[in-house]
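Hi,

Here's the structure I said I'd pass along.

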Amino acid sequence: MMRRLTHPWITVRAQIALGAVFIVAALPKIADAPGFAKAIWNYQLFPAWSVHPTALVLPWLELLCGLALCLGLWTRAAAAWLGALLLAFLVALSINLARRHPVDCGCFSTQATARSVDERVADMRWAILRDLGLLLLAAQVLVAAGRRNQSS
């Protein structure tokens with residue numbers, strides 16, 4: 001079973017899918033760093049001094065890791081970084097969901113939209129499910145890369 005799940009055909013597609021998602025997610029944040037900083041601030045999880053550096057660095061990290069996965073470079077490191085980011089996103093969304101503080105996730109857009117509380121909560125739940133799926137892709141790439149290193 002593990003051999004099938006880490007087959008190179010599956011791994012390459014997982015790398016490209018995960019990389020493409022993060023490339024698409026990074027571009028609007030790079031183009032609108034102040035808007036992304038506001039999205040981070042709305043989570044109310046970070047000290048004020050950390051919001052702007054995070055808004056400047058995080059999208060570039062997403063872009064570099066996404067490009068690395070799509071190009072097949074440093075796949076293990078890129079998947080590990082994206083897995084760590086996905087865990088952080090899951091924690092941030094879950095904390096805000098648990099304390100009934102609906103936020104726009106800022107995942108693929110920095111524009112706040114006028115939506116009801118129920119719509120935002122529903123979007124947060126979908127974002128958590130999406131991030132769990134992406135985390136599975138990152139885990140697949142990590143396990144496959146580890147198996148490939150053991151065999152060589």
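**What I found**

L5 sits in helix α1. This is a predicted model, by the way, and α1 (residues 2–5) is where confidence in the protein chain is lowest, at a mean pLDDT of 80. At the other end of the scale is helix α4 (residues 48–71), with the highest mean, 97. Over the protein chain the mean pLDDT is 93, and 99% of the residues reach 70 or more.

Back to L5: with a relative accessible area of 43%, L5 counts as partly exposed, because that value falls between the 20% and 50% cut-offs. L5 also belongs to a nonpolar patch on the surface, together with M1, M2 and V143. Together these residues have about 420 Å² of accessible area.

**The core**

Now for the inside. The largest nonpolar core has 30 residues. Those with the most contacts inside this core are L18, F36, L69, L82, L86 and L93. Which helices supply it? At least two residues come from each of α2 (8–31), α3 (33–42), α4, α5 and α6. The largest share is from α5, which gives eight residues.

Setting aside neighbours within four places in sequence, L69 is in contact with Q15, L18, G19, T75, A78, A79, L82 and V141. Two of those partners, L18 and L82, are also on the list of core residues with the most contacts.

**The salt bridges**

The structure holds five salt bridges, and the part I'd look at is a network that links D104, R115, R120 and D123. As a reminder, side chains of opposite charge can pair when their charged atoms come close.

Start with D104, which is found in the loop between α5 and α6. Is D104 buried or exposed? D104 is buried, because its relative accessible area of 16% is under the 20% cut-off. Apart from neighbours within four places in sequence, D104 is in contact with Y43, A112, T113, R115 and R120.

- R115 pairs with D104, and the closest N and O atoms are 2.1 Å apart. R115 is in the loop between α5 (75–98) and α6 (117–151), as is D104, and the two are 11 residues apart.
- R120 meets D104 at 3.6 Å, N to O. D104 lies in the loop between α5 and α6 while R120 is in helix α6, so this pair ties together parts that are 16 residues apart in sequence.

R115 has another partner as well: the side chains of R115 and D123 meet in a salt bridge, at 1.6 Å from N to O.

How exposed are the other members of the network? R115 is partly exposed, at 26% relative accessibility. R120 is partly exposed too, with a relative accessible area of 21%, and so is D123, at 37%.

Q44 has a phi near 55°. Q44 is placed in the loop between α3 and α4, and counts as exposed because its 53% relative accessibility is over the 50% cut-off.

W74 has a phi near 45°, and lies in the loop between α4 and α5. Is W74 buried or exposed? W74 counts as exposed, at 66% relative accessibility.

That's what I have for now.

Cheers

Key: Residues numbered from 1 in each chain as written. Heavy atoms only, no water. Salt bridge = Lys/Arg side-chain N within 4 Å of Asp/Glu carboxyl O. Helix = DSSP H or I, 4+ residues; strand = E, 2+ residues; numbered from the N terminus. Buried < 20%, exposed > 50% of the residue type's maximum accessible area, 1.4 Å probe, protein only. pLDDT = per-residue confidence, 0-100. Patch = residues over 30% accessible without salt bridge, like charges linked within 9 Å, V, L, I, M, F, W, Y side chains within 5 Å. Areas by Shrake-Rupley, 256 points an atom, 1.4 Å probe, with all protein chains shown as cover. Core = buried A, V, L, I, M, F, W, Y, C linked by side-chain atoms within 4.5 Å. Contact = heavy atoms within 4.5 Å.
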